[in-house]
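Dear colleague,

I am passing on the structure below, and after it you will find my notes on how its parts pack together. Please read the two side by side.

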Amino acid sequence: MPALLPAASRLLSLPRALLSMASGSPPTQPCPTSGSGYIPGSVSAAFVTCPNEKVAKEIARAVVEKHLAACVNLIPQITSIYEWKGKIEEDSEVLMMIKTQSSLVPALTDFVRSVHPYEVAEVIALPVEQGNPPYLQWVCQVTKSLSSSSTVVP
């Protein structure tokens, strides 16, 4: 039994993101209430590629207006090289970097898929383990109204 304790303590020290990847489920920690510390993984950075700046701006404005994101950065003129339907493709695209609560990633993904012009839209999200606490709290506050309103009965 003593030999299991070091292994168990090492397992408990693994980052939350690795444990969630191993279990196949994304981190769903809620953002902390004001005044409490940041919970690692409660905010995510999601990445979406778009065919041009016009499409990226339209999607970015919509996700911010719907409180699915606190902020979206548009990174223009990226080059994507990928295989699609048996051919190697190369396209100029715009990358969206979207900051949101991790619990909102499924809703964000559904919305992007519903409005995106690509047959298969790229939406990938990575949990934020650390960062500037006031910024991470702001992300939670700006997106909080959506996650809170889903539990409020009209």
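Is the crossing of α3 and α4 left-handed or right-handed? Before the answer, please note that this is a predicted model, in which local features need pLDDT of at least 70 and side-chain atom pairs count only at pLDDT 80 or more, while totals for chains, interfaces and linings use all residues. Residues are numbered from 1 along each chain as its sequence is written, and side-chain values use heavy atoms, with hydrogens and water left out.

The crossing is right-handed (the near helix is turned clockwise from the far one by less than a right angle), and the axes of the two helices, α3 and α4, come within 11 Å and cross at roughly 145°. Axes here are lines fitted to C-alpha atoms, for helices over the stretch in contact, with angles running from 0 to 180 degrees between N-to-C directions; helices (H or I, at least four residues) and strands (E, at least two) are DSSP runs numbered from the N terminus. Ile-59, Ala-62 and Val-63 of α3 meet Leu-108, Phe-111, Val-112 and Val-115 of α4, contact meaning heavy atoms within 4.5 Å. The residues of this contact divide into 7 nonpolar, no polar and no charged, where Ala, Val, Leu, Ile, Met, Phe, Trp, Tyr, Cys and Pro count as nonpolar, Asp, Glu, Lys and Arg as charged, and the others, Gly among them, as polar.

Within α4, which spans residues 105–115, Val-105, Leu-108, Thr-109, Phe-111 and Val-112 are buried (under 20% relative accessible area, with exposed being over 50% and partly exposed in between, for a 1.4 Å probe and protein chains only). Seen down the axis of α4, these buried residues fall within an arc of 165°, so they line one face of the helix; the arc is that of the directions from the helix axis to the C-beta atoms. The face turned away from that buried side carries the exposed residues Arg-113 and Ser-114, whereas the cover over the buried residues includes β1 (43–50), α3 (53–65), β3 (87–101) and β4 (124–128).

Finally, Ser-44, found in strand β1, is buried, with a relative accessible area of 4%. Leaving aside neighbours within four places in sequence, the contacts of Ser-44 include Ile-98, Val-105 and Leu-126. Ser-44 and Ile-124 are 80 residues apart in sequence and 9.8 Å apart in space, C-alpha to C-alpha.
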